[in-house]
Amino acid sequence: MSAMLLDTRRRFMTHFASIGLGTTLVPGVLWARMQDAGTQTVTLAMVTDALQLSGIELSEEDRQAMVEGANRNLTQYKELHAVHIPNDVSPPFHFNPVVPGMTVDKSRQPFRISKPPTLKRPTNLEDAAFWPVRHLAELIRTKQVSSVELTQMYLERLHRYNDRLNNVVTFLDDHGLAEAKRADAEIAAGRYQGPLHGIPWGAKDIISVKGFKTTWGSAPFKEQEFDYDASVVEMLREAGAVLIAKLATGELASGDNWFGGQTRSPWDPTQGSSGSSAGPSSATAAGCVGFAIGTETSGSILSPSARCGVAGLRPTFGRISRYGCMALSWTQDRLGPICRYAEDCALVMQAVAKPDGRDMSVTELPFNWNADFDIRTLRVGIIQDSFDEITDPAAKTNAQKTLETLKAIGVRELVPVTVPDVTANVSAISVESAVFFDEHARAGRMKGTRSARPSGRLVPAVEWLQSQRVRTMMMMELAKATAHVDVYIVGSNNTGMGGPGGGRTPGSSGPAAAAGGAGGEGGAATPRPADPPRPQTPSQRHFAMANLACYPAINLPNGFAETLTPTNATIYAQPYRELQILALAKAYQDAAKHHLVKPARLDG
């Protein structure tokens, strides 16, 4: 049976399910009669015959109404399929992470960045490859280094290490050097734009850049180009940042494998970098870009940031426009900065966290940053279960040291946070990704791809909407459970290792892979009963809940395992509290200094 015929049959069956006849013989018999007649329209005789064989009696008026309804729906489906819908067009309703009773600070505060130490250009510019963006910016501002020099250095490193890390899809040498020359000319003319001016960066390859391929990491789309820039690309260009590479994404934003192979961690190049912001995390950790932009639907920033030991920020849903980015879920997709230092995330957020008039889910709430924020005023929570669950000795030792460091820098008390015992199995990605890829699926372009998620077609509309109502109830329970703290910390069993096949979200099992954070969906060769859901620990349940509630979070590298690969914790907060998250992460990094350690195995 052809793909088009299968699609028509599915929708035909759906119509009869919607009028209460989905579990009878009527749809199947009627479909068979249509195929026998070689038509895609329904007649009264067909309906009458199908009802008789099914043992159902209806008046002629009801039977005629069924004929008209079925034919009307079939015509509407044909009309709908004829419309080209760009991947990043969402429905006219928009997800809101704020629930009743939740308070949000709407005030705009002065944007205050840290004062850099006295810096001198290193004799070998590569010695600055791992410097924070704040320090690189000072070299450029004081004209000790040009943007062209910095760009050439990072491009050389990208080329040198790509065979080892496989983190670049498209090198943008000429484009990047042209942008760097423009930045230098602007700075020379006295038009310095701020701390991102002249800083080289990389974009995950689901982010559109005009004139260059945007492959989505998938072979069927490897020649794909869009004739426009994503909003985040435009905003960073306006801030003076220099784009030098399209960095690897796991195929269709899932995992760390793409059509070019597996992207690897610079801490141990035998290990995958996790996904799906695999390239941005790997390149940032390897000192091959100043910073990168990744995306997350369920773990795709936090997971590779943990594996690669970088400060990846998953912002609140609605902070950054997704215009020009491949869509998986209009209620879960987020973009965020991946940096080596927490304050660098704030510098990037200042440039991109604002409405663009295209993605209507983006809030007008101001993004605030104050490098001198007094973390001693924060009420810091802890999900103690997540620390108790850690089994790896090094990860456990580092977790304990993390809590000790937090107390040493002024956190007076770690307030217990209890994870609500409510269902978190309300992910929207299966249905929503099926919607976004529907046109490609009907055209046969999804064959052989990972994460095509055809199962989304089997979810009835009523059940999907009911699950999202339950999601709201879950969000309200999580809001109550976290209302008494400003931020809270979650421990992890991650040791920076995951094996050649890529990994699930470090410190969790199940939620991220199932919902698009790290794994692809597979199918059994023969039908079998579905496995019952595995019991989840409180920290696993929290991971799913906080992700579906679209809470902001930052990965916090907190030391190293015996394998010399990174361990981590994660700082979370209720929506729009990125200032508090970043302030605590910065204070911790300033004290612990793990971000200053370079990957020892990068050079073999």
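What follows is a short chat about salt bridges in this predicted model.

Visitor: Anything to know before we start?
Guide: This is a predicted model, where local features need pLDDT of at least 70, side-chain atom pairs count only at pLDDT 80 or more, and totals for chains, interfaces and linings use all residues. Residues are numbered from 1 along each chain as its sequence is written, and side-chain values use heavy atoms, with hydrogens and water left out.

Visitor: How many salt bridges does the structure hold?
Guide: There are 22 salt bridges. A salt bridge is a side-chain nitrogen of Lys or Arg within 4 Å of a carboxyl oxygen of Asp or Glu.

Visitor: What do the side chains of Glu149 and Arg121 do?
Guide: They meet in a salt bridge, at 3.0 Å from N to O. Glu149 lies in helix H6 and Arg121 in the loop between helix H4 and helix H5, so the pair ties together parts that are 28 residues apart in sequence. Helices (H or I, at least four residues) are DSSP runs, numbered from the N terminus.

Visitor: Arg134 and Glu138, then: buried or exposed?
Guide: Both are buried, where buried means under 20% relative accessible area, exposed over 50%, and partly exposed in between (1.4 Å probe, protein chains only). Their side chains form a salt bridge of 3.8 Å, N to O.

Visitor: Where do Asp438 and Arg442 lie?
Guide: Both are in helix H15, 4 residues apart, about one turn of the helix. Asp438 is buried at 12% relative accessibility, while Arg442 is partly exposed at 24%.

Visitor: Which residues do shared partners join into one network?
Guide: Glu179, Arg182, Glu186, Asp229 and Arg237, through salt bridges that share partners.

Methods:
Helix = DSSP H or I, 4+ residues; strand = E, 2+ residues; numbered from the N terminus.
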